[in-house]
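Here is a short walk through one structure, written for someone who likes to check the atoms along the way. Have a look at the model first, and then we can go through it piece by piece.

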Amino acid sequence: MNPENTACAKIDEAIAQFAIEGKVVERRPYGNGHINDTFLLVCETPQGKRKQYILQRMNHSIFKNPPLLMENLTSVTEYLRKIILSAGGDPERETLNVVRTKTGDCYYQDTGSNYWRIFLFIEQTICLEKVESAGDFYDSAVAFGNFQKMLSDYPADTLHETIPNFHNTPSRFRDFERAVSEDKLGRAAMAQKEIAFALERKAQTTALTDLLAAGDLPLRVTHNDTKLNNILFDAETKKALCIIDLDTVMPGLSLYDFGDSIRFGASTGAEDEQDLSKVELDLSLFEAFTRGYLEGCDGSLTDKEIEMLPMGAKLMTFECGLRFLADFLEGDVYFKIHREGHNLDRARTQFKLVADMEKKWDEMTGIVNKLTHC
Ligand code: ADP
Ligand code: GN1
Ligand code: MG
């Protein structure tokens, strides 16, 4: 999906439906998300006031039921709004705010079956693609832990599963095996080393799902996509301000949120780094995030969840690698790519990180023990 092409097609029809302030004077593709098509809208009122919005075309080949997704999202953000207000915070900056259509709906389905939504643009914020300091990463951890805590009494059974089996690693492994055996584009030959790496680790994929099935890990309301660029930092205070990208807020494990943050943020290289010598797990960042996450969850994690934190990190990294590799084999139909082989490069960084976590396993568990016994 190319945002520019989309812009030409239905974007004006969509914008006209929403109750936004002023006239759109500029619009352009925005951000680095892999899933939705995101645009910044700059508006001006007749009085000369400038107001900005985020317009998104939801990816409905991935999110099969955008209306139910939007029901989750509006309900969760309204719930968060009340908690933020009662804590004396600013709900227009600390959570997403959905702008309604002129007829009061939270999304618009255009005549070409695209689904659109608009959020208030959260001004004066920074979105980080890479951890710049251990302090930032620690802050993001407190915010993600706190996010889960804020939603701890949310009625989980009212949430729709926007992507079934999203973090079910054995199910992701089966998808990967199918992609290898179908090898639709004959690309498997280019990824033999990576395929072998994944197959050798099949037995590990059930580590978390087995504990969940046995009732040894609690199901919570989790974000499920906690990479660093899904959090906005206040540009002035540099503090973590708002958790965004709420499309996958669903019942899940705390270890999914912990692990996904580590795989993205505690790596010394970018998710798509081609020079693998630059990619390893930074243990000081692992420690900073673990400390922050434990603080943000504020004593709510069980002993078993804490014990499994390193496994959460390893499994989420492995799972993401499997997903990138399967998508490479299937012809890049899920994650947006910006160059040939992009998904293979991404899979390679994830597997390099997994291998490094295996080497650093004792240090990882040592850090978790140290932080929970001091
Ligand atoms: P995707 O699902 O494709 O990752 P996101 O919802 O994460 O899409 O949005 C993509 C990017 O747009 C984010 O990483 C962030 O930079 C920016 N963004 C999204 N919502 C807002 C907002 N309300 N205010 C400011 N920036 C935003
Ligand atoms: C996608 O939407 P975005 O870019 O924040 C993906 C995550 C992956 C991530 C890898 C809905 O996240 O699961 O971990 O890419 N989101 C979805 O960068 O599949
Ligand atoms: Mg995102």
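In this predicted model, an open sheet is built from 3 strands in the order S7-S9-S10, with antiparallel pairing. Strand S7 (125-126) and S10 are the edge strands, each pairing on one side only. Between S7 and S9, which run antiparallel, there are 2 bridges. If you want a place to start looking, threonine 125 stands opposite aspartate 234 in S9.

Now for the metal site. The magnesium ion (ligand 3) is coordinated at 2.2 Å by Asn230 (OD1) and Asp245 (OD). This pair links distant parts of the chain, 15 residues apart.

Helix H7 (residues 192-200) is our last stop. Which residues of helix H7 are buried? They are Glu194, Ile195, Phe197 and Ala198. These residues lie on the same side of H7 because they cover an arc of only 160 degrees around the axis. The buried residues of H7 pack against helix H6 (169-182), helix H12 (309-330) and helix H13 (342-359). Gln192, Lys193 and Glu200, on the other side of H7, are exposed.

Note on methods
Residues are numbered from 1 along each chain as its sequence is written. Chains are lettered from A and ligands numbered from 1 in the order in which they are written. This is a predicted model: local features need pLDDT of at least 70, side-chain atom pairs count only at pLDDT 80 or more; totals for chains, interfaces and linings use all residues. Side-chain values use heavy atoms; hydrogens and water are left out. Donors are N, O and S atoms within 2.8 Å of the metal (3.2 Å for Na, K and Ca); water is not among the atoms, so sites may look incomplete. Helices (H or I, at least four residues) and strands (E, at least two) are DSSP runs, numbered from the N terminus. Buried means under 20% relative accessible area, exposed over 50%, partly exposed in between (1.4 Å probe, protein chains only). The arc is that of the directions from the helix axis to the C-beta atoms. Contact means heavy atoms within 4.5 Å. Two strands pair if DSSP finds at least two bridges between them.
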